[in-house]
Protein chains: 2
Amino acid sequence: MKDLAIQFGAKLRDKRKTLGISQDKLALLADIDRSYAGRVERGEVNITLEKAYQLAEVLGCDIRDLLP
Amino acid sequence: MKDLAIQFGAKLRDKRKTLGISQDKLALLADIDRSYAGRVERGEVNITLEKAYQLAEVLGCDIRDLLP
């Protein structure tokens, strides 16, 4: 299931970059640690549904857009 | 965000019942603890994306069908 985290992270990163938001800013907006944001994007974290929703909200998208 | 877990749990339960699968069987199929399955359905667990996918797979549905 490691693929899942990697795919989610890649989609998150794509979306963030499309919006021109830095990783630091994403972390700040989503109220998560800066290093945690990086780990999520690299697919190193088994993220909770709650955090995934939080990130989607900050990016102004539907969580479905971030799912593999 | 507690609502999220409750809504996910309710959708999971609905789907499981529609398929006529017991909670015990769901737990067995998804390789999770029986009591954990109950807690997920009651919205007491902040479930990971990975587990959510696992449950959707066992129920033969798309994870999007289980999301609020």
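This is a predicted model: local features need pLDDT of at least 70, side-chain atom pairs count only at pLDDT 80 or more; totals for chains, interfaces and linings use all residues.

Where does B:Asp31 lie in chain B? I looked it up: B:Asp31 is in the loop between helix H2 (23–30) and helix H3 (34–41) of chain B.

I checked the backbone of B:Asp31 next and got a phi near 60°, a positive value in a residue other than glycine. Is B:Asp31 buried or exposed? It's exposed, because its relative accessible area of 67% is over the 50% cut-off.

Then I went to chain A. A:Asp31 sits in the loop between helix H2 (23–30) and helix H3 (34–41) of that chain. Its phi is near 60° too, again a positive value in a residue other than glycine. A:Asp31 has a relative accessible area of 66%, so I put it down as exposed.

**Entry: chain A as a whole**

How many helices and strands are there in chain A? I noted 5 helices and 0 strands. Reading from the N terminus on, the elements go α-α-α-α-α.

The C-alpha atoms of chain A fill a box of roughly 30 × 25 × 20 Å along the principal axes.

Of the 68 residues in chain A, 46% are buried. I also looked at contacts between residues at least 6 apart in sequence: 57% of them join residues at least 24 apart. Chain A exposes about 3600 Å², and carbon and sulfur atoms supply 46% of that area. As for charge, I found 12 positive and 11 negative charges in chain A, with their mean positions 4 Å apart.

**Entry: the core**

Which residues have the most contacts inside the largest nonpolar core? They are A:Phe8, A:Ile47 and B:Ile47, in a core of 46 residues.

Within chain A it is in contact with A:Phe8, A:Tyr36, A:Val40, A:Ala52 and A:Leu55. In chain B, A:Ile47 is in contact with B:Thr48 and B:Leu49.

A:Val58 is in helix H4 of chain A. With 24% relative accessibility, A:Val58 counts as partly exposed, since that class runs between 20% and 50%. What does A:Val58 touch, not counting residues up to four places away in sequence? I wrote down A:Leu26, A:Leu29 and A:Ala30. I also took the spacing to A:Leu12, which is 46 residues apart from A:Val58 along the chain: their C-alpha atoms are separated by 11 Å.

A:Gly60 is in the loop between helix H4 (49–58) and helix H5 (63–66) of chain A. I have A:Gly60 down as exposed, because its relative accessible area is 65%. A:Gly60 and A:Leu19 are 41 residues apart along the chain, with 9.6 Å between their C-alpha atoms.

**Entry: B:Ser35**

My last stop was B:Ser35, in helix H3 of chain B. B:Ser35 counts as partly exposed, at 45% relative accessibility. B:Leu49 is 14 residues apart from B:Ser35 along the chain, and I got 19 Å between their C-alpha atoms.

Key:
Residues are numbered from 1 along each chain as its sequence is written. Chains are lettered from A and ligands numbered from 1 in the order in which they are written. Side-chain values use heavy atoms; hydrogens and water are left out. Helices (H or I, at least four residues) and strands (E, at least two) are DSSP runs, numbered from the N terminus. Buried means under 20% relative accessible area, exposed over 50%, partly exposed in between (1.4 Å probe, protein chains only). Contact means heavy atoms within 4.5 Å. Accessible areas come from the Shrake-Rupley method with a 1.4 Å probe; for residues, only the protein chains shown count as cover. Lys and Arg count as positive and Asp and Glu as negative; His and the chain ends are not counted. The place of a charge is taken as NZ of Lys, CZ of Arg, CG of Asp or CD of Glu. A nonpolar core is a set of buried Ala, Val, Leu, Ile, Met, Phe, Trp, Tyr and Cys residues joined through side-chain atoms within 4.5 Å.
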